[in-house]
Amino acid sequence: GQVRLVDFSGRQVGRPVSLPLGAAPGGKAGAGWFPTGDVIDGGLVLSNAYGPPNEEVWDPTSNRVIRFLPDANVLASAGHLVAWITNGPCLPRCIVHLTNLPTGITSNLQLPTRAVVIDQAAFSPDGRTLAIPVGLGGAWPGRYPTGLVLVDLGTSTVSLLSGSEQ
C-alpha cells in the first residue's frame, strides 16, 4: 500500500507515500490499486485490481491523480505520453490510443487490418517511435504469425515492420 521515492543513486527521498484510496471494499489506502511499473513525467501508472479495468496516472508527490484512463490497458509510457488500448476484443481494426498527459489530447492510431496487440509496447529512446508487438491474422492467442508494428510519432504513420513476421 505504499511507494518509496528514490533518487538516481538509489537513496530514498522523503518518507514512504501511501497509494491513493482504492476501489476495493472499504476503500482503504492502496487497496485495489497497484503500480504497473510505468513512470510518466513524475507520475506512476496504477492499475485497478478490483472492479472494471481502469488505469490512472498518479503523482505520489502531490497525491493527485493526473489522468484517469477508463477501460484501459497501458502498453507503454515515456515523457508525457502514454500508449494504451481498451480492454476486450478489437478485431478486425484495432486501435492504439496515444494520450498527451499535460493536454489530455488523445490520438487514435489504427493498426493494420487483423493485427491485434499481444504484449507491452515500447517507445524508442529518442521518443520518435512506438514499437508494438502484434498477432497477425486472427484472434490472439492462436496459431497466427506475429510481427512488429512501428508508429512514427511525428507523422502518426503506422506500418508493419518489413521482415518482422514470424
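**View 1. Arg114 lies in the loop that links β10 (106-110) with β11 (115-117).** Strands here are DSSP runs of E with at least two residues, numbered from the N terminus. The model is a predicted one, in which local features need pLDDT of at least 70, side-chain atom pairs count only at pLDDT 80 or more, and totals for chains, interfaces and linings use all residues. Residues are numbered from 1 along each chain as its sequence is written, and side-chain values use heavy atoms, with hydrogens and water left out. Although Arg114 is not a glycine, its phi is positive, at about 65°. Most residues other than glycine have a negative phi. Arg114 counts as partly exposed because its relative accessibility is 35%, where buried means under 20% relative accessible area, exposed over 50%, and partly exposed in between (1.4 Å probe, protein chains only).

**View 2. Ser156 lies in the loop between β14 (146-152) and β15 (157-160).** Ser156, which is not a glycine, has a positive phi of about 60°. With a relative accessibility of 41%, Ser156 counts as partly exposed.

**View 3. Four strands form an open sheet in the order β7-β8-β9-β10, with antiparallel pairing.** The edge strands, β7 (72-78) and β10, each pair on one side only, and two strands pair if DSSP finds at least two bridges between them. Neighbouring strands of this sheet are turned by 25° against each other on average, direction ignored; the axes are lines fitted to C-alpha atoms, and angles run from 0 to 180 degrees between N-to-C directions.

**View 4. Strands β7 and β8 (residues 81-86) run antiparallel and are joined by 6 bridges.** Ser77 stands opposite Val82 in β8.
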